[in-house]
Amino acid sequence: MAAVVRGKANLSAMAPKGIPVSTRLTAFAFLLACVALPSLSSSFSSSDDDYDLDHSGKFEIDDDMFWKDGEPFQIIGGDVHYFRVHPEYWEDRLLRAKALGLNTIQTYVPWNLHEPIKGHLVFEGIANIVSFLELCQKLDLLVMLRAGPYICAEWDFGGFPAWLLSTEPALKLRSSEPDFLELVEGWWGVLLPKVAPLLYENGGPIIMVQIENEFGSYGDDKAYLHHLVTVARRHLGENIILILLPEEKYSSGQRDGGSRENLEKGTIRGDSVFSAVDFSTGDEPWPIFELQKEFNAPGKSPPLSASLFFCAVKIAHRVYSFREFYTGWLTHWGENIANTDATFTATALEQILSGNASAVLYMAHGGTNFGFYNGANTGGNESEYKPDLTSYDYDAPIRESGDVDNDKFKALRRVIKKYSATSLPSVPPNNEMTGYGRIQLEKTAFLFDILFTKGHTRMIKSENPVSMEATGQMFGFILYVAEYISKNKSVLSIPMVNDRAQVFVTCPSGNTGRPRYAGIIERWSNKPIDLHYTKCHSKVENMGRVNYGPYLFDRKGILSAVYLDGNPLLNWKMLRVPFHNLNEAQKSNPIFRDACSNFIRISAHEKMKDAHEVSPKEPAFYAGRFVVDNKKDTFISFSGWGKGIAFVNEFNIGRFWPSNGPQCCLFVPAPILRDGENVLAYHCQDCLDVSFGSCFDPDTAAVAAAVMATAAAPIFTPPAALAAPAIFANAATPPTSIALKAT
């Protein structure tokens, strides 16, 4: 590696005018916080005479600056994740990012999207990463690629494929264990050769590649990190800038990434990659900068580089340090929507850009966790489980629906415009949205009927329950069934259930034999329930795997013995309940196809009979048709419903859970709609909200929800006219259709 230091920085000259030097030093350290990180694949040496004048087609770090084709370059970037945007909207969202003033796009690569089944690789549709990268290049946007294999990203299992959890003996994730490394090598042996032609030196847009993510907050396996570097260099060559971020660990609610311990654990000494530090607002940076020098090669860790350090921003009650510049924050089910003030965000960005530092907005456009790919977090133990919303709006300047007519977009664009090296493109108008009238919904099938009568799924038998992954199913639901000798009353407990079990009981000798709802056992609120009858059915939902922290190894289903009156309940039967996910063929799921391909047409007499026999909590499928003559974006509101998953034209648009909130509406991008007849279908786990009680009449074939469009991104709170009190104005006489209207 040859390179040169162009000269030491003049601190007085670099400080903003009018500020004392001692004060300017501190201020400048902060201004350099949100900076993209360099790699030591860039070159330094001791004399300007050694400087290579031919820098065409190169992206490098030299003289404490980024250099593109031999010219100084300030990165003003932002995250747009291709896997959270419908492919037909990739160009739309990138053009909006460009209009914001961005010159660089950052994206993760989730392994599980591309290899959902071991050996089955997917690079089509929403997984066509090469097309996304080529589109970035077409639009003159550079790319910072975060290749994993672990990415975090609030994405299921941190991007790892769930089938890693089915391996026995259990793999040691994020380690140098040979079996794990062999799988990583196999994945990168496919991915990295695909992206290598798109490196900047090869005429493509990729200027940096990040390996792993936040490893210092997880482990200390240096052999693992060295191995990743070796594999990356093997496929990508010696010139690409590789980034290794030890990142943070939590300590009493604070991040402690600048500690010697965290650096020792999460970095590699020397020049194979660039190792960086982070610190919180209020920390004295200079001792940390000095500490960082110990982990980088001599002369390759300048403390005032515009490409070294993290910035911190206080969101809620925590201080977060980061290389990216956070435009908002994530939200879990049951929480209030996280957001940041537009003026505050823009002011903080200007502090960075005014010091000639580089910044990456996380997120520029959040998008949607379509399918079952939302992640989850935990607190101090595994039971403090918090799954993420379907929406990944993130309070980003480009909203989930692509809306840019908002205060944050305008405020950030005004700041970026002042520091952009080129004039900014005009801002595209918001995509037009519309409603499609009212849709009548019909109950098409009960889940238990399909499972027990249609033979769509293989029954697995075991003395004790086994995990979802052990049965070969990675997402959706799994049904556990066991028989027992009934008493007047028994108590059922499940010490470990991931994540939410609905318990039903049946008595085969009874009048109907249909399952009766007994209660719910949840991972985060695990309480025993009372049972009657003789057969227990426990339908367990995988609500999203943990994506960060010590409890990453997050198998789903029942993970312990099940106890009845303190005694283990044995001899279990398990039936898989899969639904097609984001990257799977839409017509490959027999359960969904059987439930929703043809609507059930039954007589009023049969409906009345159904009302007496069926528990209102029994999981069921509903479907309705609507006609589209001009395809435009819309939202579906599930206000008044319990919990479930929704499909439009068999595209899995995600989970809904308005009874827990805060998200009440699901985004429906226009490209999944069809000219003419369209089908809305969903599997409802808790079909009725408890608040309706017995006054809701299950005879009525239509149920209330709303499909609507709005220019104000109504993903969290539907317009008042469509809220549950208005829809269910008379719960004893529910409406016979659902509203699709624009506001």
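This is a predicted model: local features need pLDDT of at least 70, side-chain atom pairs count only at pLDDT 80 or more; totals for chains, interfaces and linings use all residues.

Biologist: Fine. What do the buried residues of α6 pack against?

Modeller: They pack against α4 (111-114), α5 (129-138), β6 (142-146), β7 (206-210) and α7 (222-236).

Biologist: Which residues of α6 are the buried ones?

Modeller: Phe 180, Leu 181, Leu 183, Val 184, Trp 187, Trp 188, Leu 191, Leu 192 and Val 195.

Biologist: Why would residues three or four places apart point the same way?

Modeller: Because an α-helix has 3.6 residues a turn.

Biologist: Where does α6 bend?

Modeller: At Trp 188, by about 30 degrees. Trp 188 is also one of the buried residues of α6.

Biologist: And what span should α6 have, against the distance between its end C-alpha atoms?

Modeller: Helix α6 covers residues 178-195, which is 18 residues, and at 1.5 Å a residue they should span 26 Å. The end C-alpha atoms are 25 Å apart, which agrees.

Biologist: Changing topic. How many salt bridges does a search of the whole structure find?

Modeller: The search finds 27.

Biologist: Take Arg 523. Which residue does it form a salt bridge with?

Modeller: One partner is Asp 499, with the closest N and O atoms 2.7 Å apart. That pair links distant parts of the chain: Arg 523 is in the loop between β25 and β26 (529-531), and Asp 499 is in the loop between β23 (497-498) and β24, 24 residues apart.

Biologist: You said one partner. What is another?

Modeller: Asp 554, where the closest N and O atoms are 3.0 Å apart. Asp 554 sits in the loop between β27 (535-541) and β28 (557-558) and Arg 523 in the loop between β25 and β26, so this pair ties together parts that are 31 residues apart in sequence.

Biologist: Which residues are in the network joined by shared partners?

Modeller: Asp 499, Arg 523, Asp 554 and Lys 556.

Biologist: Is Arg 523 buried or exposed?

Modeller: Buried, at 5% relative accessible area. Asp 499 counts as buried at 0%, and Asp 554 is buried at 0% too.

Biologist: What about Arg 514, what does it pair with?

Modeller: Asp 449, with the closest N and O atoms 3.1 Å apart. Arg 514 is in the loop between β24 (500-506) and β25 (516-522), Asp 449 is in helix α12 (residues 447-453), and the two are 65 residues apart.

Biologist: Are those two buried or exposed?

Modeller: Arg 514 counts as buried at 15% relative accessibility, whereas Asp 449 is partly exposed at 28%.

Key:
Residues are numbered from 1 along each chain as its sequence is written. Side-chain values use heavy atoms; hydrogens and water are left out. A salt bridge is a side-chain nitrogen of Lys or Arg within 4 Å of a carboxyl oxygen of Asp or Glu. Helices (H or I, at least four residues) and strands (E, at least two) are DSSP runs, numbered from the N terminus. Buried means under 20% relative accessible area, exposed over 50%, partly exposed in between (1.4 Å probe, protein chains only). The expected span of a helix is 1.5 Å times one less than its number of residues. The bend at a residue is the angle between axes fitted to the seven residues ending there and the seven starting there. Contact means heavy atoms within 4.5 Å.
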